[in-house]
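Please look over the fold in this report.

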Amino acid sequence: MGSGRPIIFLHSGFSRGILAFASQILDFQARYNCYFPDFRGHGRTKSDSLEWSTPQHADDIIDFMDQLQIPKAHLIGYGMGGGVALYCALNQPHRVATLTSIGQSGFVAAMGSEAFEPEWLIQHGKDDFIRSMEERHQDAHMGNWQQFLRQKIKDWRTYPQLTDDQLSGMECPALFIAGEYDEYAPEDELKRVTKLIPHSRYVIVPGCSHRPHMSRENPVFVNDTILKFLDNSC
């Protein structure tokens, strides 16, 4: 959607492209050419295997850029998508103009993953969440929502797995955004990652949770912050 320099939006582990960034479409398409792909195993992207990982998604995004003949793009990732953006920037630095990470500090955030294990969800009657996983990813995981969640939790507990030296070697300008009450991207970790990555900074969104860019939180503030970052980085 839109026209101008390309931006690729990278969704979180439980979401899909068009849902995760619904509150960004209008603001960004007015100035950029925006892409909202679904990762393999998510949304409408089918694959033969139900196994996937953050580094594999990063490889897929570079292939996606190759297929669409996008030589270089801004990457905006939410949650797991922020980790995917980091791997893209580290493995293919000449393909990434800037990196924006929302709700992802660059380090493994294993806390809270137990509440998304299939057995826990069934035991605690979380039927609405189970139904949302079935509906969002029916095409991609062939109806096997339990395997989808097990793969998600495995990835959640493993990635991003980056060394300080890798982070210190990142070349593109980077912006990290987190809500004030985001337990998965705490401020102490944002301070640590932005000390390691050159040309990086972080912004805390007051009063917000893990999804500050979404409706009912503060998408206007987040959008304006990112757009200003992109303007200053070009």
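## Secondary structure

The chain holds ten helices and six strands. The model is predicted.

## Overall dimensions

The C-alpha trace spans about 50 × 40 × 35 Å along its principal axes. The radius of gyration is 17 Å. A compact globule of 234 residues would have a value near 17 Å, so the chain agrees with that expectation.

## Burial, surface and contacts

Of the 234 residues in the chain, 51% are buried.

Take contacts between residues at least 6 apart in sequence: 76% of them join residues at least 24 apart.

## The H3–H4 crossing

Helix H3 covers residues 54-67, and helix H4 covers residues 80-91. Their axes come within 8 Å and cross at roughly 65°. The crossing of H3 and H4 is right-handed.

Which residues make the contact? H3 contributes Thr54, Pro55, His57, Ala58, Ile61 and Ile62. H4 contributes Met80, Gly83, Val84, Tyr87 and Cys88. By class, eight residues in the contact of H3 with H4 are nonpolar and three are polar. No charged residues take part in this contact.

How values were computed:
Residues numbered from 1 in each chain as written. Predicted model: local features only at pLDDT ≥ 70, side-chain atom pairs only at ≥ 80, totals over all residues. Heavy atoms only, no water. Axes fitted to C-alpha atoms, helices over the stretch in contact; angles between N-to-C directions. Helix = DSSP H or I, 4+ residues; strand = E, 2+ residues; numbered from the N terminus. Left-handed = near helix turned anticlockwise from the far one by under 90°. Contact = heavy atoms within 4.5 Å. Nonpolar A, V, L, I, M, F, W, Y, C, P; charged D, E, K, R; others polar. Rg over C-alpha atoms; globule rule 2.2 N^0.38 Å. Buried < 20%, exposed > 50% of the residue type's maximum accessible area, 1.4 Å probe, protein only.
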